[in-house]
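Here are my notes on this structure. Please read them with the model open beside you.

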Amino acid sequence: MPSGIEVTKAALDDFKKIQDYMVSAKKENATETYGKLKKEYKILKALLQVSGVNLEDIDEIKES
């Protein structure tokens with residue numbers, strides 16, 4: 001079973017990937033894709049916040 005730090009690291013990696021995809025989708029005006037990514041973004045953001053991760057410096061999207 002993965003430790004808490006391993007779960008947090010995986011979530012951080014996924015959070016970064018989702019943000020990169022969201023930036024690309026926004027540039028391409030892919031609104032449907034952006035909306036789907038935003039759902040994943042919100043889930044990961046909530047998980048990281050509950051885990052005590054300070055997202056202030058790493059959250060490039062800054063959406064709630």
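1. The largest nonpolar core has 13 residues. Phe15, Ile18, Met22, Tyr41 and Leu48 have the most contacts inside it. A nonpolar core is a set of buried Ala, Val, Leu, Ile, Met, Phe, Trp, Tyr and Cys residues joined through side-chain atoms within 4.5 Å. Buried means under 20% relative accessible area, exposed over 50%, partly exposed in between (1.4 Å probe, protein chains only). Helix H1 (4–27) and helix H2 (31–50) each supply at least two residues of this core. Helices are DSSP runs of H or I, at least four residues, numbered from the N terminus.

2. This is a predicted model: local features need pLDDT of at least 70, side-chain atom pairs count only at pLDDT 80 or more, and totals for chains, interfaces and linings use all residues. Residues are numbered from 1 along each chain as its sequence is written, and side-chain values use heavy atoms, without hydrogens and water.

3. The whole structure holds 1 aromatic pair. Phe15 and Tyr41 form it, stacked, at 5.4 Å centre to centre and 15° between the planes. Phe15 lies in helix H1 and Tyr41 in helix H2, so the pair ties together parts 26 residues apart in sequence. For pairing, ring centres of Phe, Tyr and Trp (its six-membered ring) lie within 6.5 Å; planes under 30 degrees apart count as stacked, over 60 as edge-to-face, the rest as tilted.

4. Both partners are covered. Phe15 is buried, at 1% relative accessible area. Tyr41 is buried too, at 0%. Beyond its neighbours within four places in sequence, Tyr41 is in contact (heavy atoms within 4.5 Å) with residues including Phe15, Met22, Asp59 and Ile61.
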